[in-house]
Amino acid sequence: MGGINKDIKLIDENGKRIDGRSFNELRPIKIEAGVLERADGSAYIEWGNNKIIAAVYGPREVYPKHMQDPSRAVLRARYNMAAFSVDERKKPGPDRRSIELSLVISNALSSVVLLEQFPRTAIDVFIEVLQADAGTRIAGLTAASVALADAGIPMKDLIVGCAAGKVDNTVVLDLNKEEDNYGQADLPVAIIPRTKEIVLFQMDGDMTFDEVEMGLNMAIDAALKVYELQKDALRRKYINLAQEDEQQ
Ligand code: CDP
């Protein structure tokens, strides 16, 4: 959040944003399930200019052993940005931001996976951001939950989200990189769609209570649309598998 910048106009006189969207419009989104052979489950997402892969391994043995939990599986998500994913080369390896994002994503996913069914095991979720354009934590989480379902891991529901925010004093949906950099606030939200429980809620910048409420409602409505794309990706994967079986 760079704070309001008078030199950069993010919304024009017709109410259009720099990429031509209206205030409550999502970027184009494509999701594909089962893109990696080796992983137990995987998914690829393109969300605007974000390109992200998620891979799931497990339930499997826990190393180091002292991390085992006798009552449930431990779900460990690792969010990573490739060095080439942003304009300025990102230094490889974990930094404060990726450690924080890995934690909030692990917590969100742990709220839907039936961890008690797999005591003493680990479920590892890898999120690799290949190209970043703001909103990567939510896009990564959205792909990760499809990858968990693709791995056949029992879950109460998928997790899905969207960010809202504030640019040029207007509450908008799904900020892109310029809006994230030069806007006034970013509000990523993730939910369990069936119950609408909020499992990730963060804010960077300044918004009034009414603006937060409006942004939150917009983000939840949009997340429910993304949920349909997640289910569609999983359906497509299983239709393809069934067709391959028929041909054999
Ligand atoms: O990606 P998300 O919006 O969840 O997280 P953020 O910390 O608000 O980052 C917003 C965007 O800034 C990222 O998606 C990247 O496009 C960019 N960024 C970057 O260029 N270099 C970094 N080291 C971190 C973020």
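A search of the whole structure, a predicted model, finds one aromatic pair. Its members are Y57 and F126, with ring centres 6.1 Å apart. Their planes meet at 80 degrees, so the pair is edge-to-face. The cut-off for that class is over 60 degrees.

The two residues come from distant parts of the chain. Y57 sits in strand β3, residues 50–61. F126 belongs to strand β5, residues 121–131.

How accessible are the two partners? Y57 is partly exposed, with a relative accessible area of 25%. F126 is also partly exposed, at 26%. Buried would require a value under 20%, and exposed a value over 50%. Both residues therefore fall in the range between.

β3 and β5 pair with each other in the antiparallel sense. Nine bridges join them.

β5 has another partner, strand β4, residues 74–81. Here the two strands run parallel, and eight bridges hold the pairing. V74 has A122 as its bridge partner in β5.

The path from β4 to β5 brings in a helix. α1 covers residues 96–110. Together, β4, α1 and β5 make a β-α-β unit, and this unit is left-handed.

Key
Residues are numbered from 1 along each chain as its sequence is written. This is a predicted model: local features need pLDDT of at least 70, side-chain atom pairs count only at pLDDT 80 or more; totals for chains, interfaces and linings use all residues. Side-chain values use heavy atoms; hydrogens and water are left out. Rings of Phe, Tyr and Trp (its six-membered ring) pair if their centres lie within 6.5 Å; planes under 30 degrees apart count as stacked, over 60 as edge-to-face and the rest as tilted. Helices (H or I, at least four residues) and strands (E, at least two) are DSSP runs, numbered from the N terminus. Buried means under 20% relative accessible area, exposed over 50%, partly exposed in between (1.4 Å probe, protein chains only). Two strands pair if DSSP finds at least two bridges between them. A crossover is right-handed if, with the strands pointing away from the viewer, the path from the first strand over the helix to the second runs clockwise.
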